[in-house]
Every structure is written in structure tokens, then in C-alpha cells.
Amino acid sequence: MNDYELTRETLAVTHGERGQAPAPGVEDVVVPLHLSSTYSVPDVDPDADLELLDPDAGEYLYSRLSNPTRNALEHRLAALEGAEHALAFVSGTAAITATMTAMIRPGDHIVAFEDLYGGTKTMLNRLFAERLDVDVTFVDATDVANVEDAMRDETRLIWMETPTNPLMHLCDIEAIAAIADEWDTIFGVDNTFLSPYFQNPLSLGADVVVHSTTKYLNGHSDSIGGAVVTNRDDIMDELAFLQRVGMGSMLSPFDSYLTLRGIKTLPLRMRQHEENAMEIARFLESHDAVTRVLYPGLESHPQHELAARQQSGYGGVLSFELDTDLDGTAEFLGRLREFPLAVSLGGVESLIEHPATMTHSPLAQTERDRLGISNSLLRMSVGVEHVDDLLADLDAALASV
Ligand SMILES: *Cc1c(COP(=O)(O)O)cnc(C)c1O
């Protein structure tokens with residue numbers, strides 16, 4: 001079976017579903033949910049390598065090491081990113097910790113985007129820098145020269161996200177991959193915001209890609225999970241050791257099942273998220289009560305050209321700033337009916353969040369000011385509802401800003 005000749009629309013629906021036989025003569029059309037924690041083995045095997053059990057060869061022993069439902073999800077994730085290997089973790093955070101731990105040793109140096117997901121930034125500062133003696137340099141990676149300038153002989157890892165949250169800054173994956181090559185450094189990209197449907201960092205030169213499957217991949221706001229995807233056997237072996245033996249941080253069978261089910265509609269959902277987000281971005285940009293709109297699909301976005309080049313779509317997340325203060329922003333949020341005030345993103349339902357008091361409240365006000373996260377900045381995850389309902393709701397709530 002040559003998977004790479006199939007389109008992602010087809011892979012998302014059927015990859016790994018064929019040949020599932022729970023009982024003789026029964027051929028499930030979907031991957032069954034395997035809850036068993038342990039598996040009886042046919043005989044004594046003196047050569048078994050527990051860290052590298054091969055589920056494809058039917059090697060199942062214990063579900064922390066390998067599980068058929070999780071394995072099916074991992075195969076589909078790899079197929080969607082056009083990769084050899086994928087591992088499903090209990091959260092995006094667990095996937096990131098494992099990936100960094102796999103690469104980094106005390107005394108090493110990491111170059112990271114200053115605009116990273118808040119949890120990742122805190123992890124780098126409080127776990128890797130403070131406790132594990134790793135030096136971390138945060139740079140404004142919208143300009144590749146800043147990444148280049150931060151490189152040192154001890155730099156082991158470059159860690160990026162694009163677009164970032166909530167300012168929708170992009171970095172040039174291909175250009176940074178060239179720097180990573182030149183310095184013989186591993187390059188990791190958190191691809192959560194666009195999903196494999198709109199961006200494939202491995203094909204642009206990244207070594208390893210992580211996802212919070214909590215967001216678009218699962219897509220229904222009912223599972224926390226993460227994934228790591230790579231073509232490099234050495235990275236995969238190290239991650240498999242960490243996940244199965246070092247940390248025990250694999251995704252549960254039930255969450256694997258939910259995520260597999262969610263992925264079937266990833267292409268459909270992503271296209272609708274984007275169509276709705278584009279219409280909302282244009283509407284907000286033309287509204288007097290809105291001072292700026294940050295969405296890579298708009299021609300006004302400073303990196304629109306890069307987005308058009310390295311992404312195959314612009315995604316469903318956008319941010320905008322109101323022409324008012326904190327109180328006016330809170331009142332606006334209170335008037336919305338179709339946008340619950342909630343963190344997270346990527347589900348079928350629209351959500352809105354207030355970075356200054358929610359996702360980015362751990363940052364000092366001066367740091368928020370420096371980055372451009374004002375008290376009237378809002379970030380929206382545009383869902384797949386009918387866009388007319390979303391526009392009417394926004395229009396009504398904006399009328400009194
Ligand atoms: C949500 C998110 C994470 C963390 O993932 P969890 O599943 O919540 O642990 C990491 N990176 C990005 C970009 C995210 O949006």
C-alpha cells in the first residue's frame with residue numbers, strides 16, 4: 001500500500017482502518033477501541049525489545065508500550081504530515097517536554113521564538129533553564145537574522161511556532177531550517193495552529209513537528225492530547241524510550257479513538273474554519289470600533305506573502321483590537337452570544353479569549369506592552385457555524401463599543 005499517492009482528504013478518513021479484525025469473519029470499518037491493558041503472548045521470546053515493540057508485526061505486550069488504537073492514530077498522524085514516525089502523547093505539553101528532553105542535555109543551548117505558546121515558554125524557563133542548566137535565548141524570529149545571531153556552538157535545538165499566539169507572527173521555516181543545517185542543530189516546529197492540513201514543516205526542512213491534538217486534530221474540544229512526528233529514526237528511538245519507559249506519557253486508548261474520529265473531518269473542518277475566519281477578518285477590518293486585525297490571510301498582515309508561500313491555508317485563528325479600554329472590552333465580551341469566553345482553540349465551536357487576563361496574564365504588564373498584547377486585544381478561534389450568525393453577533397456587540 002503506497003499511502004503517499006492518496007490525498008490528505010482520503011488519508012484522514014481511511015488510513016489504517018483496513019484489515020481490523022476483532023474476531024474471525026468480522027471486519028470493522030472503523031478502528032475499534034482497544035481498552036485492554038495487557039495482551040497474552042504466543043510464547044516465550046528471548047529476543048523481545050520492550051522499548052521497540054513493533055505493533056505492525058503484532059507485537060503487543062502491555063498498553064503503555066503499544067496499543068492497537070493508539071497505534072492506528074499514530075499511523076494516521078504520520079501519514080498526514082508525510083512522515084515515517086509519529087507518537088501520540090497524553091497532552092501537547094507532554095509531547096513538547098518529551099521532545100526537548102530527548103534532544104537536550106545540561107549545558108546545551110536552545111534558541112526559541114519569543115512569542116511561543118505560554119506553557120512552552122514557562123516550561124523552557126522554569127524546567128529547562130532553572131532546573132536542568134540549559135541556556136535558552138528567546139528571539140524575535142519574524143526576522144531570520146535574529147535566529148542566526150543567537151546561534152552558538154552549544155546550540156542543540158531551535159524551537160519555533162508559526163503563526164504564534166495571539167499576535168499571529170510568522171517565521172520562515174525553510175530559512176530557519178537552513179540555519180539549523182549549517183549549525184548541525186535540531187529544528188522543531190509546533191504546528192498546532194495550522195494542523196497538518198495547512199502546513200507541513202517537515203517538507204520545509206524541520207526535523208521534528210509537535211501538535212497539541214487537543215486543538216484542530218481532535219477538533220471537538222473533548223480530548224487533551226499531543227503528538228510528535230518525525231522522519232528521523234534516531235529521534236524516534238529516543239522519544240519511544242522516553243514515552244514508554246522514561247515518562248509513561250502516552251495517549252489513552254479512548255482519547256486515541258476520539259482523536260482518530262475527529263481527524264476524519266479535519267480537511268472539511270479546516271476549510272470551513274478558514275472560510276469563516278476570512279469573512280470575519282474582513283468584516284472586523286472594515287469596522288470603525290476595531291483598530292487592528294491580525295490574520296495572515298489579510299493583505300494587510302505584514303507577513304501575508306510568507307503565509308501564502310509556506311502555508312496552504314490561513315487557518316481559523318485571528319486576533320483584533322478594540323478602540324476602547326479594559327472595561328469597554330469586558331462589556332463587549334459580555335454582549336457576545338455566539339463566542340463563549342474560553343481559552344483553547346480549534347474546536348468546531350467559536351471561542352473568544354482575552355490574552356491580557358487569560359492566556360498571557362502570567363506575563364508582566366511591561367512584557368505584554370513590549371510584545372503588543374494590550375488590554376483591548378482579543379483572540380478568536382472561529383468555528384464552523386454559519387458565518388452569518390457569527391457576523392450578526394459581532395455586529396450587534398460592536399455597535400456600542
Ligand atoms: C494548546 C497548545 C499547546 C499545549 O497543548 P496541551 O494539549 O494543552 O498540553 C502547545 N502549543 C500550542 C501552540 C498550543 O496551542
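This note comments on the ligand site, the cavity and some backbone features of the model.

1. Basis of the comments. The model is predicted, so that local features need pLDDT of at least 70 and side-chain atom pairs count only at pLDDT 80 or more, while totals for chains, interfaces and linings use all residues. Residues are numbered from 1 along each chain as its sequence is written, and side-chain values use heavy atoms, with hydrogens and water left out.

2. The ligand has 13 residues around it, of which Thr 93, Asp 190, Ser 212, Thr 214 and Lys 215 come nearest; a residue is near if one of its heavy atoms lies within 4 Å. By class, this shell has 3 nonpolar, 7 polar and 3 charged residues. Here Ala, Val, Leu, Ile, Met, Phe, Trp, Tyr, Cys and Pro count as nonpolar, Asp, Glu, Lys and Arg as charged, and the others, Gly among them, as polar. Helix α3 (residues 92-103) gives the largest share of the shell, 3 residues; helices (H or I, at least four residues) and strands (E, at least two) are DSSP runs, numbered from the N terminus.

3. A polar contact is a pair of N or O atoms within 3.5 Å. An oxygen atom of the ligand lies 2.6 Å from an N or O atom in the side chain of Thr 93. For the side chain of Lys 215, the distance from a ligand oxygen to an N or O atom is 2.7 Å. A ligand nitrogen is 2.7 Å from an N or O atom in the side chain of Asp 190. The protein covers 93% of the 380 Å² of accessible area (Shrake-Rupley method, 1.4 Å probe) that the ligand has on its own.

4. The cavity. What lines the largest cavity? Its lining consists of Pro 163, Met 168, Phe 193, Leu 194, Tyr 314, Gly 315, Gly 316 and Val 317, and these divide into 6 nonpolar, 2 polar and no charged. A cavity is a set of points on a 1 Å grid over the protein atoms alone where a 1.4 Å probe fits but cannot get out; lining residues have an atom within 4 Å of a point. At least three lining residues come from each of domain 1 (11-261) and domain 2 (266-399), with bounds from an automatic or database domain assignment.

5. Backbone features. The peptide bond from Thr 162 to Pro 163 is cis, with omega near -5°. Pro 163, also part of the cavity lining, is in the loop between β6 (155-161) and α6 (173-182). Another cis peptide bond joins Asn 165 and Pro 166, with omega about 5°.

Technical notes. A polar contact is a pair of N or O atoms within 3.5 Å; within protein, one must be able to donate a hydrogen and the other to accept it, and residues adjacent in sequence count only if both atoms are side-chain atoms. On a 1 Å grid over the protein atoms alone, a cavity is a set of points where a 1.4 Å probe fits but cannot get out, and a pocket is an open set with protein on both sides within 12 Å along at least five of seven lines; lining residues have an atom within 4 Å of a point.
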